[in-house]
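I would ask everyone to turn to the screen for a moment.

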Amino acid sequence: MSRPPKVALLIETARGYGRDVLRGVARYSRTYGPWRFYLTPGDFEQVVPKIREWRGDGIIARVLDAEMAETLLSTNLPVVMLDFSIANLPVKGNRAKFCADLTSDSTGAAYMAARCLLEKKLVNFAFVGYPFQSWSAKREVAFTNAIREAGYATHAYRPPLRFGRALPWESEEPILRKWLKQLPKPIGIMACNDQRGREVLDACESAQIRAPEEVAVVGVDADELFCELCSPPLTSVALNSEKGGFLAAKTLDEMMKGVEPEVKHILVEPVGVVERRSSNIVLVDDEDVAEALRIIHTERLENLTVDRVARNITISRRQLEVKFRRHIGRTMLEELQLVRIERAKQMLRETDASVEKIAQLIGFSAAGSFYQTFRSRVGVTPARYRREIRAE
C-alpha cells in the first residue's frame, strides 16, 4: 500500500482487557506500521454501519453477536473478531480467508482461579457469571470441572431475566445479595470477570457478609485500576491481552496484504493470579495467628517486620512464632517474604518502577538481597521476569 493502512478498532476502552488489547495493536503499529486508526467510544451497533463510508483496510472488533459478525463480514474487509469464534459462522470462500478471531483462554483462566481458591483450604465454592455470554459459560464449566476434580461441588448463580434480558444492576443486586446470604460459609467464589467480581463484593457489603473472611472472590482480567477500586481490592486472573492485541494486529496485517494468516484462532493466555485482599482468606481457629496473617497481608510492607507484627499481638514473639508454624506450616518471616515477592511480581507486571525502587517499597533494605530472594523463589531475576511477562 502506498499510504498507511486504515484500521478500525471497535474495542471498548472502559475496561483493562480492551485497553491492553489496544496497547498491543499500537505496539505492532509502531514497530511495523505506521497505521491510521479509526477509534470510537460509542456503541458498536452505531459504529459498524459507518465503516461502509469510511473506506478502510481492516477491522479489529469486539463482536457482540452473530448479527454483528455478519455486518462486519459484509464490509468485505479483513477482520479480526474479539471473543466470537468464527467457527460459529458459516464463513466460506474468500471471506473465510480474510477472517480470524481472538479469544481469551477461559478454561485456563478458570483453572487458575480454582487453584487459587483451593489453596485456601476451602470446601465450599460458587461461580457468578453473566447470561448470554459464551465466554462466561465456558469459564463456569471449566471452574466447575476443576472444583469437581478436587472432590467438591460448585454452587452456580443464575442471573434473573426480564423479557429475555438481563436485569439492570439496581434490580439484580437484591437478588444476588439474597443468594449470597444462603451460601454455606466460608466460600470461594469465581466471578466471570472483574466487573462481576465488583458486583459480588458490593452485594456482600450490603448483605453484611465479610470479605474475605466469609467470602473469598477471584475475578478475571486483572484491570489494576478497577481491582484497586473494589472494596476489598479484588484478586484477579491476569490475561496476556497486550500480547493478544499484538498478534491480532499481526494477523490483520497479513490479511490486509492479501495473505491468508498463519494463525486464525488467537488465544489470549492467562499469565497468573494477581492476589489482593479479596481472596486472602486463611482458615485458622487461632485468633493470634489470624491477626498476624491479617497484619502481614494488609499492612504496608515498606517498614513491616516480624517484630512489629508480634508487638501488635498480646503474646510473646516466641509464642506467636510457635503457634504460627503449627497452624500455617511456615514461619512468619517466610509468610512475609511470600507476600513481598507476590507484591514485587505485581509491581514488575503493572509498573515501570525500577528494581531498586520496588525493593524499597516492599521492605528490602538492599536491592541485592531482594534480587537474591526473588531469584531463589521465582527462578529468574526481577528484570528477566518483567521482560518475559511483557514479551510478545
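I shall speak about a sheet, the helix beside it, and some aromatic rings. Please keep in mind that this is a predicted model.

Let me begin with the sheet. Strands of a sheet pair through backbone hydrogen bonds, in either a parallel or an antiparallel manner. Here, six strands form an open sheet with mixed pairing, in the order β7-β6-β10-β11-β12-β14. The edges are β7 (154-157) and β14 (270-274); each has a single partner strand, so one side of each has no neighbour in the sheet. From one strand to the next, the twist averages 20 degrees.

Within this sheet, strands β10 and β11 run parallel and are joined by four bridges. Which residue of β11 is the bridge partner of Ile189? That partner is Val217.

Helix α7 packs on the sheet, where it touches β6, β7, β10, β11 and β12. The direction of α7 makes about 175 degrees with that of β6.

I now turn to the aromatic rings. The structure holds 12 aromatic pairs. In one of them, the ring centres of Tyr28 and Trp35 are 5.6 Å apart and the planes stand at 55 degrees, so this pair is tilted. Both Tyr28 and Trp35 are buried. A further tilted pair is Phe127 with Phe143, at 6.2 Å centre to centre and 40 degrees between the planes. This pair links distant parts of the chain, since Phe127 belongs to strand β6 and Phe143 to helix α7, 16 residues apart. Phe127 has 1% relative accessibility and therefore counts as buried; Phe143, at 0%, is buried as well.

Finally, Arg340 lies over the face of Phe364, 5.7 Å from the ring centre. Thank you for your attention.

Methods. Residues are numbered from 1 along each chain as its sequence is written. This is a predicted model: local features need pLDDT of at least 70, side-chain atom pairs count only at pLDDT 80 or more; totals for chains, interfaces and linings use all residues. Side-chain values use heavy atoms; hydrogens and water are left out. Rings of Phe, Tyr and Trp (its six-membered ring) pair if their centres lie within 6.5 Å; planes under 30 degrees apart count as stacked, over 60 as edge-to-face and the rest as tilted. Buried means under 20% relative accessible area, exposed over 50%, partly exposed in between (1.4 Å probe, protein chains only). Helices (H or I, at least four residues) and strands (E, at least two) are DSSP runs, numbered from the N terminus. A charge sits over a ring if NZ of Lys or CZ of Arg is within 6 Å of the ring centre and within 35 degrees of the ring normal. Two strands pair if DSSP finds at least two bridges between them. Axes are lines fitted to C-alpha atoms, for helices over the stretch in contact, and angles run from 0 to 180 degrees between N-to-C directions. Contact means heavy atoms within 4.5 Å.
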